[in-house]
Amino acid sequence: MSAITLKVNGQSHTLELDPSTPLLYALSDDLDLRGPKFGCGLGQCGACTAIVNGTAIRSCQTPVSSVAGKEIVTLEGLGTPEKLHPIQKAFIDEGAAQCGFCLNGVILTAKAFLDKNPKATRTQIQQALSTVLCRCFTHTRMHAAIERYAKGRA
Amino acid sequence: MDRRDFLKGAGALVVGFQMVGGNTAQAQFGIAPIAGSPPGDQVDSWIAIAADGSITAYSGKEELGQGIATAQQQLVAEELSVPFERVKLIYCDTGLTPDQSYTAGSQSHPANFNHRNLASAAATAAEALFKLASQQLGVPADQLTAANGVISLQSDASKKVTYAQLVGGKKLNLTLDRNAKRKHPSQWKVLGKPIARPELPAMATGQFEFVHNVRLPGMLHGRVVRPPVIGATLVSVDENSVKEMAGVVKVVVRKNFVGVVAEKPWQAVQAAQKLKVNWSPSTGLPKQADFHESIRKQPARDLLLVNSKDTEPALAKAATVLKSTYYHPYQMHGSLGSSCAVADVQGERATLYSPTQGVWYQKTTSALLLGLKPENIRVIYRHGSGCYGLNGADTVTYDAAILSQAVGKPVRVQLSRKDEMAWENFGNAWTIDERAGLSAQGNIIAWEHEAWTAGLGNRPGANLPGNVITGFLAGFQPAAFSPGPAQEPSSYNNGSNGIPSYVAGHAGGSDGGTGTIRSEKVLVHNVVSPFWTGPLRSPARLPNTFAHECFMDELAARVKADPVEYRLRHLRHKRVIGVLNAAAKAAQWETRPSPKPGNPKAGAVTGRGVAVVAYEGDNGYTGIVVEVAVDQDTGKVTVKRMWVGIDSGPISNPDGLRNQAEGGALQGMSRALVEEVTWDNEKVTSFDWRTYRSLPLGFDIPTIACVLINQPDEEATGAGETAITVIGAAIGNAIFDATGARIRQTPFSPERVKEALKART
């Protein structure tokens with residue numbers, strides 16, 4: 001166990017953790033955040049995605065020791081129901097969800113990619129989502145939402 | 001096998017079972033109501049009007065991501081003439097809501113939107129409010145109108161009384177009146193509109209509470225240790241192997257069930273990995289390569305769905321006889337989030353937070369598992385990751401309950417990916433023979449369908465916790481299997497879609513089917529599976545429809561008929577015809593036989609395919625046309641476009657219906673192209689997203705056009721499982737149209753496609 005400081009959604013938290021603990025557990029258990037989710041624990045599905053220093057990462061595969069002091073953003077850090085981030089608004093406007101469990105990974109992966117590649121083509125966006133899963137297969141609506149967001153920010 | 005399959009055809013048949021049109025939801029699944037449920041015949045069990053006039057509705061049909069909560073809220077708002085936001089919907093809590101059996105099988109729309117249950121409760125309450133208002137205002141009820149929770153005189157809006165003034169905060173004490181007048185769809189202001197799901201903002205911002213997010217004071221975390229191979233039993237556990245680990249609270253062993261409880265989830269994960277457990281060797285598994293043929297030879301429980309007893313002579317007389325065999329693999333629910341539950345078992349009482357589809361059965365079966373009285377257990381539904389049927393929801397709730405009971409504290413359990421996938425109740429594997437005789441004119445004169453399906457366990461129902469892995473490991477047995485011959489069918493029941501759409505479906509003295517072919521026989525052999533099985537979205541209906549609709553295409557091709565025209569030639573049901581024509585029209589279907597003339601035998605080609613179904617015989621109608629591209633050099637199949645015609649009666653929420661049709665079609669496409677459970681001689685070898693594939697968000701997604709057919713004067717039917725039922729067959733037919741190669745086994749992997757291309761004559 002050691003004291004590790006995590007900067008999450010703009011706030012610093014010092015936690016007593018085994019340094020090998022995957023970031024996901026610190027976020028969802030120690031900090032009680034509901035955005036990042038355990039999907040597979042293997043980095044294969046995207047449900048646990050967080051944005052660290054601007055890049056989407058799989059928090060189930062990221063030891064807390066490797067992200068100490070870095071800027072961590074979760075789905076909660078984008079916006080709230082009262083003050084939605086435009087990409088969250090785009091998903092709501094398109095009705096782009098069924099069970100909603102994958103939304104965290106889809107939204108954060110798309111956002112981080114478009115932040116770095118604002119002029120990405122549809123094919124490039126698809127490529128960026130090539131290891132993100134939605135088992136309800138709400139794919140058409142999610143791509144429509146991402147395109148709506150991409151157009152709005154261009 | 002699913003309880004409803006058990007009742008409706010794929011399992012042992014209980015004759016005379018009534019599906020759509022039954023009095024209660026229990027009739028849909030054939031399980032008697034569970035003691036302690038609020039009485040379904042009392043309006044107060046469904047509707048409460050508070051002192052401030054706000055309305056709470058109680059339903060036994062839960063939101064799983066299919067949008068049914070929104071539609072139910074619309075329904076109650078509509079019947080009671082209040083805005084959508086005025087209604088609060090509470091679903092699936094054994095402390096609060098009526099037992100409506102499972103939320104499954106496209107049964108929620110028919111159960112709660114026709115003249116019974118929630119719809120009748122709301123309509124009965126509305127009539128009672130009008131009656132009370134009439135007395136209070138001293139005018140006949142037919143001169144009154146209602147809006148926003150206020151009943152007023154049509155001719156003078158100042159003469160009015162509110163719901164709150166009439167009954168606010170009091171019980172209604174009314175019996176459900178199935179004749180209570182419902183609003184006709186032509187009058188709808190709330191129902192029938194594309195109202196957005198109110199939970200989406202919380203979901204999109206990470207504020208929504210899934211069962212995974214339930215946190216109780218003093219809650220601990222559990223992890224289970226499943227056997228490494230099929231059939232293994234526990235030999236020994238070395239508790240000392242984890243004794244020194246930080247946070248470990250207890251190692252729990254119950255017969256073959258092993259689990260660890262720790263203070264934090266990561267500690268539980270590590271302890272479960274480190275715990276030294278000795279298991280006996282596997283009892284072995286049949287070879288996957290011969291599996292489909294081997295199930296023909298097993299002892300079977302047989303079931304006849306229709307039998308005109310003249311198929312043999314009819315086939316002997318036929319100008320042409322065609323026979324084909326189709327194979328459908330075991331497939332997974334493969335929930336994105338592995339299953340999770342939180343249990344709080346304290347002494348004689350328990351509270352279970354569960355993503356189960358059947359809270360009342362979770363209650364009675366957990367009582368058996370825990371040795372508690374069912375009345376002392378409360379099961380509260382909390383959203384899980386989409387389940388698509390019997391995923392790990394029930395089994396993980398048992399895991400949490402056993403571990404919580406062992407430590408006397410609340411315990412949260414989330415399964416590992418491997419424990420979810422290697423031990424879930426897979427969708428059954430099928431081997432299906434289709435045989436038909438054609439007249440000299442090319443019409444079908446006889447159709448035989450003979451199927452073998454392997455099942456083990458099922459939903460636990462009211463008293464079989466051993467139907468899922470945790471209950472079994474803890475010492476309970478799955479539903480007993482007894483082989484036996486079939487009885488002659490005494491009534492028409494196509495709940496499993498074993499009966500093709502094109503036959504008369506003659507049983508019990510009348511024709512229940514949707515087609516014209518009078519010489520018909522459908523025989524199903526149920527055999528024991530080496531793996532646990534249970535209902536997976538469109539159980540039995542999807543594999544059967546895959547076989548029927550591909551075979552229909554083979555017959556049309558044999559007589560060089562257009563596949564749509566040939567289907568229409570043998571159909572007599574206007575709603576099946578309606579969705580087929582709607583899809584064909586949207587696709588600008590070109591009338592001609594398959595395969596497509598002029599396509600080369602190498603390189604990239606395109607083709608189109610069609611399929612149609614009357615889901616469960618009469619519970620929703622879908623026709624689909626797809627356009628595919630096939631790379632004949634690599635065997636890769638890409639679906640380019642889809643057109644869906646869907647009819648589920650009066651449309652309760654067009655956006656919700658569209659979302660179900662789109663998602664169902666794409667999920668079915670993933671199942672048709674890449675999904676298959678695999679195994680070696682002792683264990684399941686598909687246990688993560690590398691070994692069990694699912695088309696990701698990054699694949700080349702087809703465009704989907706949906707034609708929603710509104711039927712304001714028909715009964716509400718199912719919707720969510722209809723599109724997925726037809727897509728596989730349509731893709732198979734499109735591959736044939738593009739290449740002239742018929743592929744009869746899903747998934748259509750590049751290897752199987754290339755094999756079929758090689759076999760072309």
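A residue is termed buried if 20 or more other C-beta atoms, placed from the backbone, lie within 10 Å of its own, exposed if 12 or fewer do, and partly exposed in between. By this criterion, buried residues make up 58% of the 761 residues in chain B.

The model is predicted: local features need pLDDT of at least 70 and side-chain atom pairs count only at pLDDT 80 or more, while totals for chains, interfaces and linings use all residues. Residues are numbered from 1 along each chain as its sequence is written, and chains are lettered from A and ligands numbered from 1 in the order in which they are written.

| Domain of chain B | Residues |
|---|---|
| Domain 1 | 13-205 |
| Domain 2 | 211-281 + 333-423 |
| Domain 3 | 540-679 + 686-761 |

Taken over C-alpha atoms, the centres of domain 1 and domain 2 of chain B are separated by 36 Å.

Leu536(B) sits in the loop between β22 (519-528) and α16 (541-558) of chain B, where helices (H or I, at least four residues) and strands (E, at least two) are DSSP runs numbered from the N terminus. Leu536(B) counts as buried because it has 26 C-beta neighbours inside 10 Å. Leaving aside residues up to four places away in sequence, Leu536(B) touches Gln331(B), His333(B), Tyr388(B), Gly389(B) and Gly427(B).

Notes:
Domain bounds come from an automatic or database domain assignment. Two residues are in contact if their C-beta atoms, placed from the backbone, lie within 7 Å.
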